[in-house]
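Please examine the sequence and the structure shown below.

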Amino acid sequence: MLYLIRYSEIFLKSERVKKRWINKLVKNIRRVVGDCKFRLERGRIWLITDENVDEKLKKVFGIVSFSPCEHCKLEELEDFVLKFCRGKLESVKTFAVRVKRVGEHDFTSQDVERKLGALILKNFPHLKVDLENPEKTIYVEIRNEDCYVFDEIVKGVGGIPLGVEGKLVSLFSGGIDSPVATWLMMKRGCKIVPIYFDIRPFTSERAIERVEKVAQVLREYDPDFEVIVKDHGKFLEKVKEVLRKKKLESYTCILCKRRMLKVAEEVAKEVGAKGIVTGDSLGQVASQTLDNLFVISQACEIPIYRPLIGLDKIEIEEIARKIGTFEYSTIPADCLAVPKKPTTKANLRKVLEIEKEIT
């Protein structure tokens, strides 16, 4: 099969950056699609493969749209278009022809549109031309002496090629928020190293099942998406013990999250990551109030990226459904360490004093 692949934001870059990003996009397509061949032209990537890869291409960051198409020479175009239309126009009542042209020719795109439109009307007399809202559109790209004919433009995931912006680590619980935050940063070109903090005995075995299933979904966008698992249960047991004695159980989530960030920062240094991604949404839960986010953020020195910070739960769930993680993210895996009345205004000085006793 032959695919015409389109990209968008890459156009805005300098020639040097554009070349590097296109090469990265081609490499990423090959990793997702498998065995295939490419041909590059300005503004276009042509993919040649032995099978239908529509669903795979929909999950390659950087592709704004693509079209399965067929190729012919300019001298063959009229006969080829008629052949292409058979089986596609019999069941519709209106159509349009759209032509794009690259190169020097003694005709315009509108000339070809009119000529092909008249030819189609002659051979399919039940049809009418509708340039505003046709039931079927026949697209033709003429590039010098080569023509590409298609009738479908499939929307891609968009964004920029995975990896062009470097690497980040992600606090990856497998719940609704953290996979969406991770995916959004992947869409913006970041290679993600996800970290799952295993809080057993404060959660069930289903938590591990959940994170594995969600990771498998994101692996469709990045085949190298592998979760690092860090034990966090022993730390939480110690935290609970210390806070119980001090009657400060309300600080449990603050100390838990700060510890996660410290560990994530260590991993980031090991793998060469430039920051940490979290699924925080301002005010969504007690640990995500502005006061608490301030205290939590002091736990590490590298940047923390919060792509969901201004989104509400409904908006986040919509994205989760779109990318395919929602079903698995809703597998119950509650945290039993959460206090009945968590603090919403943590005191940094008090937190630092408690941490001295825990570490």
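## Strand pairing around β5

In strand β6, V129 is the bridge partner of F95. Strand β5, residues 94-102, pairs with β6 in the parallel sense over two bridges; two strands are said to pair if DSSP finds at least two bridges between them. Strands here are DSSP runs of type E with at least two residues, helices are runs of H or I with at least four residues, and both are numbered from the N terminus. The model is predicted: local features need pLDDT of at least 70, side-chain atom pairs count only at pLDDT 80 or more, and totals for chains, interfaces and linings use all residues. Residues are numbered from 1 along each chain as its sequence is written, and side-chain values use heavy atoms, leaving out hydrogens and water.

Strand β5 also pairs in the parallel sense with strand β7, residues 136-143, over eight bridges. Within this pairing, A96 stands opposite T137 in β7.

V129 lies in strand β6, which spans residues 128-129. V129 counts as partly exposed because its relative accessibility is 46%; buried means under 20% relative accessible area, exposed means over 50%, and partly exposed is in between, with a 1.4 Å probe and protein chains only.

S14 is located in the loop between β1 (2-6) and α1 (15-33). With a relative accessible area of 39%, S14 is therefore partly exposed. From C-alpha to C-alpha, S14 and R219 are 31 Å apart in space, and they are 205 residues apart in sequence.

## The buried residue T325

T325 is found in the loop between α10 (313-323) and α11 (326-329). Its relative accessibility is 0%, so T325 counts as buried. Apart from neighbours within four places in sequence, T325 is in contact with P179, V214, V217, L218 and A320, where contact means heavy atoms within 4.5 Å.

Is R306 buried or exposed? R306 counts as buried because its relative accessibility is 19%. This residue occupies the loop between β14 (304-305) and α10.

The side chains of R306 and D280 are joined by a polar contact of 2.8 Å, and those of R306 and S297 by a polar contact of 3.0 Å. A polar contact is a pair of N or O atoms within 3.5 Å; within protein, one must be able to donate a hydrogen and the other to accept it, and residues adjacent in sequence count only if both atoms are side-chain atoms. Not counting residues up to four places away in sequence, R306 touches T278, D280, L293 and S297.
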